[in-house]
Amino acid sequence: MNWQSLAVGALAFLIIGLFHPIVIKAEYYFSKKVWPVFLAAGILCLWEALLVPGRIVSSALSVTGFTCWWSILELFEQEQRVKKGWFPANPNRKNK
């Protein structure tokens, strides 16, 4: 049996689930302008995934890297959700 594949699946599930509140909080506190941080983090994670010898750690880094990139799209969509009133807007941020 290949237990590593189950571990990678569980890690992917946890990483993706963890990024949902991260995107919501990032948009709330920093707006969508924080997207370059997600881009850089994704590049860094994917680069490290190429260099790390362990299969599970490499897979977790790869999933994290691509999730960071997906989060860029989610930041822009989160801004639209806030405009629709589905999520609270940050009252301390000045609207344009």
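What is the mean pLDDT of the protein, and what share of its residues reach 70 or more?

1. The mean is 94, and 98% of the residues reach 70 or more; pLDDT is the predictor's per-residue confidence, from 0 to 100. This is a predicted model, so to speak: local features need pLDDT of at least 70, side-chain atom pairs count only at 80 or more, and totals for chains, interfaces and linings use all residues. Numbering runs from 1 along each chain as its sequence is written, and side-chain values use heavy atoms, without hydrogens or water.

2. Confidence is lowest in helix α1 (residues 3–30), at a mean of 95, and highest in helix α2 (residues 35–51), at 98. Helices here are DSSP runs (H or I, at least four residues), numbered from the N terminus.

3. Now α2 itself. With 17 residues, α2 reaches 25 Å from first C-alpha to last, close to the expected 24 Å at 1.5 Å a residue (the expected span is 1.5 Å times one less than the number of residues).

4. Phe 38, Gly 42, Cys 45, Leu 46 and Ala 49 are the buried residues of α2 (buried is under 20% relative accessible area, exposed over 50%, partly exposed in between; 1.4 Å probe, protein chains only). They sit on the same side of α2 because they cover an arc of only 95° around the axis, taken from the directions from the helix axis to the C-beta atoms. These buried residues pack against α1 and α3, while Val 37, Leu 44, Trp 47, Leu 50 and Leu 51 are exposed on the other side.

5. Ser 71 lies in helix α3 (residues 55–83) and counts as buried because its relative accessibility is 2%. Leaving aside neighbours within four places in sequence, Ser 71 is in contact (heavy atoms within 4.5 Å) with Phe 19, Val 23 and Phe 38. A polar atom of the Ser 71 side chain lies 2.8 Å from the backbone oxygen of Thr 67.

Terms used: Helices (H or I, at least four residues) and strands (E, at least two) are DSSP runs, numbered from the N terminus. A polar contact is a pair of N or O atoms within 3.5 Å; within protein, one must be able to donate a hydrogen and the other to accept it, and residues adjacent in sequence count only if both atoms are side-chain atoms.
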